[in-house]
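Work through the exercises below with the sequence and the model at hand, and try each task before reading its solution.

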Amino acid sequence: MQRDIAAIRRFAVMRAAMALRAALVTATGLVVFAALLTAAGKDPLRAYLGTLTYVFGNAYGFSELLVRMIPLMLTAIAVALPARIGLINVGGEGQLYMGAWLATAGELALSDLPAIVLLPILTVLGFIGGGLWALIPGILRAFRLVNETISTLLLNYVAPLIVSFFIFGPWRSPESASYPQSPAFVDAARLPTFFHTRVNAGFVYALACLVLYWLVLTRTRWGLEMRAIGGNPEAARRLGIPVLRYMVAVMFVAGGVAGLAGMAEVSAIQGRLVSELSPGYGFIGFLVAWLAGNSAAGIVLMSFLFAVISSIGDILQITQGLPFAVINILMAVILFIVLARRPYGRAAR
Amino acid sequence: MNATLLAGALASSILSGTSLLYAALGEVIGQRAGIINLGVEGIMLIGAAVGVAATVLTGNAYLGVVAAALAGTGGNLIFAYVVIGCRANQLAAGLSLMFLGFGVSAVVGRPFVGAVIAGLPRLAVPGLGGGAAAGLGARLLAFDILAYLAVPTAILVWWVLFRSGWGLGLRAVGENPLAAYAAGRRPQRLQYQALGLAGLFSGIAGAHMSVALTRTWAEGMTGGRGFIAIALVIFSRWSPLWAIAGALLFGGAEGLQLQLQAAGADVSPFLMNMIPYLLTLLVLVPGGWNRQSAAPAALGRTFVGVE
């Protein structure tokens, strides 16, 4: 009992220190970014204050932060899990698109089922869609054909083209002549949202995945073997751990988790398949996982941080006529500060 | 396929291949010094945006390319400071550089969205003129100066890397920085130089896309070509000469796709746009891991240094 309390206290102190460091780095990044904006003749202070009042001023603004955390947490897990066995998955973006794609295919085929049956099916389809997409680099890596970093990066550019092909072609909704998109999902295919906000069941998926991720890694034989592979794949192989099978399976599961983000996006947020599904969630997810050192609690914290940062981008776009992409500068500045501060920092795994 | 289509496909392969070749050459230099830079995409975007901006502001496309090259060098030196000076993880720093490029290029290019520039002048090869068919050929097969210089540049890079003392030192750093240090080389200084040069090439690559090819700026216009260039480096086994062949192949895929679209082929443009990425993935498969034996031995490892 005493020992448990001490352990919990140590854990809390560790997390608090992590949060404090993150806050310090973010503050430095914000100052640098503000200097750049000022140099460009913009008013950063007004944007920051605008973000604060929007995000923390009322419950709805805050709920939008949680909405944005959903794809970030899910795509971050898709990076963190393979990282544990030394694989670098930079393909969360494409996996998200393919999850959305397969879930939409399911909705179009099975739209007369009741929600209680349809939603689980669509969730599974979203998982499979992302999973199969990640299986390609997984297999190419396991058979030592193509390095997974480059293959996942390349496939990111293919998945949105597949989505575009379908919504400009076979799935194009007859009602929307000007803006190509799939027909609207039936009500039974819409993930439930909570408290009259856009916060949806995807948030529950993300938290459940995080808990599972933590449990599997720390409490199961799989987790032990995965950590063994991550530590030294050759030693693990000689111990009789099926390293190749792990590579393929882990990539499938990781892609599946990213696919869930795509499924939640079409089912809960958009209500149909559109071409501009993600403003780079998959890439941001990679950085979230990296900054979090692949820890489950860290992923929650960093997702929150990046959700706030992307809100600043919204405000800058709306009030100061800057492209939303300007927010990438702030992210890069923060990341560079972290990278520069941690000379022998954790590898990207 | 008729002659016009063929000539057009050839011309657009060379034009698409040019920017890929410059980007790949930059990445070869960096990786030969032991540093993986996943941020080429971002530097290309900065080059493309700065190229258009400087061309509009100065009215001279050549100055646009020079400005893009300088911007690329500057951007890459930030990355160099983080991975060499601060010994940060190269993959994470590279992706951060990509984000920086997305953001900076979007802001720099914003006032110039929709602006159409005259672009780099096409210079006809003397002797190709005359005759009706040749007139067509001369129009199609007249390229900008960067396209003409691409292959000589690749040969020059090969010569510098494999025949000069500086290149020997650079490759030694990429293979074994400690040994290079013991032999009197300065690993970190050489890596800074390599990455500066790589940024110069990536900036030119981006500028070629916007200033010579599309003659306009659009957000995110490089569309993953920076990553294709990285794949090209693996494909060409870190050799500047093989990179020429690779760039022609990928440029060819892109050129063929553009020509088919222009000729009104009844294939969805989305499917055709996948070709370069899928082809890249496909050509990496044969040979597979054996190719890794050609990689610089210390690639991606951080040189902790003794200085």
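Predicted model: local features only at pLDDT ≥ 70, side-chain atom pairs only at ≥ 80, totals over all residues.

Residues are numbered from 1 along each chain as its sequence is written, chains are lettered from A in the order in which they are written, and side-chain values use heavy atoms, with hydrogens and water left out.

**Exercise 1.** Describe the side of chain B that touches chain A.

Step one: taking contact as heavy atoms within 4.5 Å, 45 residues of chain B meet 44 residues of chain A.

Step two: the buried area, which is the accessible area (1.4 Å probe) that two parts lose on being put together, summed over both, is about 4000 Å², and carbon and sulfur atoms give 83% of it. In chain B, the residues losing the most area to chain A are B:F99, B:F270 and B:W289, together 20% of what that side buries.

Step three: sorted by residue type, the side of chain B has 32 nonpolar residues, nine polar and four charged, where Ala, Val, Leu, Ile, Met, Phe, Trp, Tyr, Cys and Pro count as nonpolar, Asp, Glu, Lys and Arg as charged, and the others, Gly among them, as polar.

**Exercise 2.** Which helix of chain A gives the largest share of the nonpolar patch?

Step one: the patch on the surface consists of A:L45, A:L49, A:L52, A:F56 and A:F62.

Step two: helix α2 (residues 44–57) of chain A gives the largest share, four residues, and A:L52 lies in this helix.

Definitions and conventions. Patch = residues over 30% accessible without salt bridge, like charges linked within 9 Å, V, L, I, M, F, W, Y side chains within 5 Å. Areas by Shrake-Rupley, 256 points an atom, 1.4 Å probe, with all protein chains shown as cover. Salt bridge = Lys/Arg side-chain N within 4 Å of Asp/Glu carboxyl O. Helix = DSSP H or I, 4+ residues; strand = E, 2+ residues; numbered from the N terminus.
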